[in-house]
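Here are some notes for a first look at this structure. Keep the model open beside them as you read.

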Amino acid sequence: MASKTMAKINDDQVRKAVNALLKWKKLQAKKSHDIQTLYSLSDEEAEEEDEEVDDNFIYLQLTLKKVPPKELTKPHKITLPHPLFHPLESFTNICLIIDDRPKKPHNSKTKLDVETVQKRIKAEEIPITKVLKFSKLKAEYKSFEAKRDLYGSYEVFLADKRVIHLLPSLLGKQFYKKKRKVPVPVDLRGNSSWKEEIERAYSSTLLCLGNGTCSVLKIGRGGMESGQVIENVLAAIEGIVGFVPKKLTGVRAFHLKFSDSLALPVYEALPDQRENAEKKKTSSTKKNTEKKKK
């Protein structure tokens, strides 16, 4: 890698972790096939089993040294050299959430409505199944059952980037807990091609920093070539390091994992002098307090 910061990332360690995970996934797939054959599971039962156990994504797990500031908790897009998939070719049920909130008079031209959007996606031959207004999502999908039904009705969710920060509270934990169907932000402003914008969006992964020090993001799939996954991992790390506070100095560790696998380390920071001093100070204070109590 070109930068001095990325020179601290051991490419060989990344390669070993990726190869170990892909090998493990193949063995798991064989075991799953053998179980389905042994118990003669129906296609529907097998599909339910897959949904519960295996989402086939490879995740990069980020652990920061400190909780990130609130202004950095909005989803941050990181471009990957190898797309996780091509949504317009891979999926048949795609839902697009549009921003139909009332606009100020000088911005009235940017307001979207279902009819206008449907004409545009038809003209560009974009296979979007459902156009869902933000106002309708807010009004009609309040109950857990409604959110669950929405989650199960579509394979992929796209959303106007102007409302992406408002969606977690409306969609609920189901969409965000396992990161499987987190809406992908797309820029629907201007006259550029929406089809190309959607393809660009899927050449990226989303970093969603939370209220803690740990976050995960998708960087590959079980069926990808080892070299592609490795390049995606390194690109994701570089994107993360350029975004988080204090760059790599603020990162405690990076791990790679499937949703149902062990997390394999690809980078772990050595404790710095300040951390050691703070630990010694805390330990000393604790001992002195205990002595006074005695």
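1. Two strands count as paired if DSSP finds at least two bridges between them. The model is a predicted one. By that rule, four strands make an open sheet, in the order β8-β1-β9-β10, with antiparallel pairing. β8 (214-221) and β10 (264-268) are the edge strands; each has a single partner strand, so one side of each has no neighbour in the sheet. From one strand to the next, the twist averages 20 degrees.

2. Look at the pairing of β1 (residues 57-64) with β8. Seven bridges join them in the antiparallel sense. Leu 60 is placed opposite Leu 217 of β8.

3. Which helix lies across this sheet? Helix α10 (residues 226-241) does, lying across β1, β8, β9 (251-258) and β10. Its direction is at about 150 degrees to β8.

4. Now turn to the nonpolar interior. In soluble globular proteins, nonpolar side chains tend to be buried together. Here the largest nonpolar core holds 59 residues. Leu 60, Leu 158, Phe 254 and Leu 256 have the most contacts inside it. α10 gives the most to this core, with eight residues. Another core, of 22 residues, lies apart from it; Leu 132, Phe 134, Leu 150 and Leu 167 are among its members.

5. Strand β3 (residues 94-98) deserves a look. Five of its five residues are buried, so the strand is largely enclosed by the rest of the structure. Both of its faces are covered. Ile 94, Leu 96 and Ile 98 are buried on one side, and Cys 95 and Ile 97 on the other.

6. What are the partners of β3? It pairs with β5 (residues 156-160) in the parallel sense over four bridges, and Ile 97 has Ala 159 as its bridge partner there. Four bridges also join β3 to β4 (residues 130-133), again running parallel. In β4, Val 131 is the bridge partner of Leu 96.

7. Beyond its neighbours within four places in sequence, it is in contact with Ile 94, Cys 95, Leu 96, Ile 97, Ile 128, Val 184, Val 186, Ile 198 and Tyr 202.

8. Lys 74 is 134 residues from Cys 208 in sequence, yet the two are 6.4 Å apart in space, C-alpha to C-alpha.

9. Lys 181 lies in the loop between α8 (173-177) and β6 (184-186). This lysine is buried, because its relative accessible area is 15% and the cut-off for buried is under 20%. Its side chain reaches the backbone oxygen of Tyr 151 at 2.7 Å. A polar atom of that side chain also lies 2.8 Å from the backbone oxygen of Tyr 154. Not counting residues up to four places away in sequence, Lys 181 touches Tyr 151, Gly 152, Tyr 154, Glu 155, Phe 157 and Phe 175.

Methods:
Residues numbered from 1 in each chain as written. Predicted model: local features only at pLDDT ≥ 70, side-chain atom pairs only at ≥ 80, totals over all residues. Heavy atoms only, no water. Helix = DSSP H or I, 4+ residues; strand = E, 2+ residues; numbered from the N terminus. Axes fitted to C-alpha atoms, helices over the stretch in contact; angles between N-to-C directions. Contact = heavy atoms within 4.5 Å. Core = buried A, V, L, I, M, F, W, Y, C linked by side-chain atoms within 4.5 Å. Buried < 20%, exposed > 50% of the residue type's maximum accessible area, 1.4 Å probe, protein only. Polar contact = N/O pair within 3.5 Å; in protein donor to acceptor, adjacent residues only side chain to side chain.
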